[in-house]
Amino acid sequence: MPVRKNVLVTGATGFLGSHLAYRLLEQGHHVFALARSSKAAPAIRRVEDTLREVAGSDEALQEHIAQLRVIEGDISQADLGLNETSKREIVSSADEVWHCAASLSFAEDDRDEIFRMNAGGTGQLLRLVEQIPGRRLHHVSTAYVAGNRPDVAMETEIDVGQTFKNPYEESKCRSELMVAEAHRKGLARSTVYRPSIVIGDSRTGRVTHFHGVYAFIRGLWAALERIRRKMPEGTVVHLPLRVAGSTSTTLNFVPIDFVVDGMMAVAAQETSMGGTYHLTNPEPTPNTLWLSNITRIMGVTGVEIVDKKSFDETPMTRLEALFQKQMAFYYMYLQGEPRFDCRRTAAALQDTGISCPRVTVDFIEKMMGWYVNYLAGKIPA
């Protein structure tokens with residue numbers, strides 16, 4: 001039976017952080033969830049509402065609620081915005097820290113805020129970790145710290161002079177460098193995890209947060225709905241829509257359960273300390289495979305990935321211009337992505353039974369079919 005720990009988790013209202021926090025609760029650990037209040041809800045309600053979604057029911061969450069303590073704080077503030085009592089409690093009792101909180105904006109206009117939250121927040125967290133006797137830190141980064149690298153990104157590398165697609169990638173690279181420096185100085189005993197594009201549960205397709213490819217699908221769904229209102233139910237819609245990208249590149253999808261299971265398994269190994277692990281798919285998904293199957297599931301034809309030159313020859317339609325504006329931050333990944341070496345992760349997971357599923361047509365139908373049914377109102381919100 002695993003040793004029960006006191007674990008501080010940041011980002012427990014986010015997609016990955018909430019699934020991690022709930023898994024820790026299921027394993028019997030006591031979780032301190034650091035969260036901000038919003039205008040609409042206090043921190044405790046935000047965390048409990050999010051974990052209830054992950055658990056699937058209030059009854060499931062209530063089984064573990066006694067192990068959860070929500071602490072008001074803000075990673076971008078000095079001392080994480082903690083009051084003296086909360087800070088003392090964490091410093092004296094936390095066995096380890098999982099840092100999942102981050103700004104997920106890609107927008108250049110948000111650069112200052114992204115760096116304040118991601119790099120600044122990591123700096124504030126490291127100052128707290130230094131004061132915790134065990135100094136054990138699990139830092140959740142992203143495989144896309146590799147930026148615009150045309151070669152294979154290794155788990156042993158951080159900054160090799162690469163440029164970045166957006167401030168998010170750059171800020172997460174900066175954060176990793178800070179964690180590496182703290183580890184080198186003995187101020188933290190860290191392990192770094194780099195997931196790629198996290199999607200829903202591999203067994204059910206269920207997802208609780210709708211970023212990335214889900215935003216792309218939602219934008220396409222909204223365009224289709226306007227057309228479908230004028231057509232008989234069940235009609236396949238022809239929607240001439242060119243999407244700027246490359247038909248010869250891939251997106252690296254990983255299901256949330258693989259990421260959380262993989263991180264927990266790696267974290268349990270003493271040899272993982274000081275290491276960086278790619279939670280990535282060894283077989284990335286060709287753009288043509290996922291787009292053609294998503295459009296088939298949605299009952300639409302005419303959507304295709306084209307080279308940017310296509311728009312020089314035939315100007316964008318009004319719909320194409322609107323769609324590209326809405327999806328601008330996601331389009332950049334359709335142009336290509338690095339390849340991720342994940343041999344260190346594969347070796348660590350070799351005897352655990354944990355592996356990343358291949359993205360097949362059946363897998364896409366399960367994953368994206370769930371979300372299409374959600375958008376259609378067939379799955380309760």
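**View 1. Residue classes in the lining of the largest pocket.** The lining of the largest pocket has 28 nonpolar, 14 polar and five charged residues. Ala, Val, Leu, Ile, Met, Phe, Trp, Tyr, Cys and Pro count as nonpolar; Asp, Glu, Lys and Arg count as charged; the others, Gly among them, count as polar. This is a predicted model: local features need pLDDT of at least 70, side-chain atom pairs count only at pLDDT 80 or more, and totals for chains, interfaces and linings use all residues. Residues are numbered from 1 along each chain as its sequence is written, and side-chain values use heavy atoms, without hydrogens and water.

**View 2. Centre of the largest pocket.** The largest pocket holds about 1200 Å³ of space. It is lined by 47 residues; Ala102, Ser103, Leu104, Tyr168 and His211 lie closest to its centre. A pocket is an open set of points on a 1 Å grid over the protein atoms alone where a 1.4 Å probe fits, with protein on both sides within 12 Å along at least five of seven lines; lining residues have an atom within 4 Å of a point. Points are joined across faces, edges and corners, and a volume is the space filled by probe spheres set on them.

**View 3. Elements around the largest pocket.** α12 (328-334) supplies at least two lining residues. Its share, four residues, is the most. Helices (H or I, at least four residues) and strands (E, at least two) are DSSP runs, numbered from the N terminus.

**View 4. The second largest pocket.** Its volume is about 420 Å³. Of its 18 lining residues, Trp221, Arg228, Met298, Ala376 and Lys378 are closest to the centre. α14 gives the largest share of this lining, four residues.
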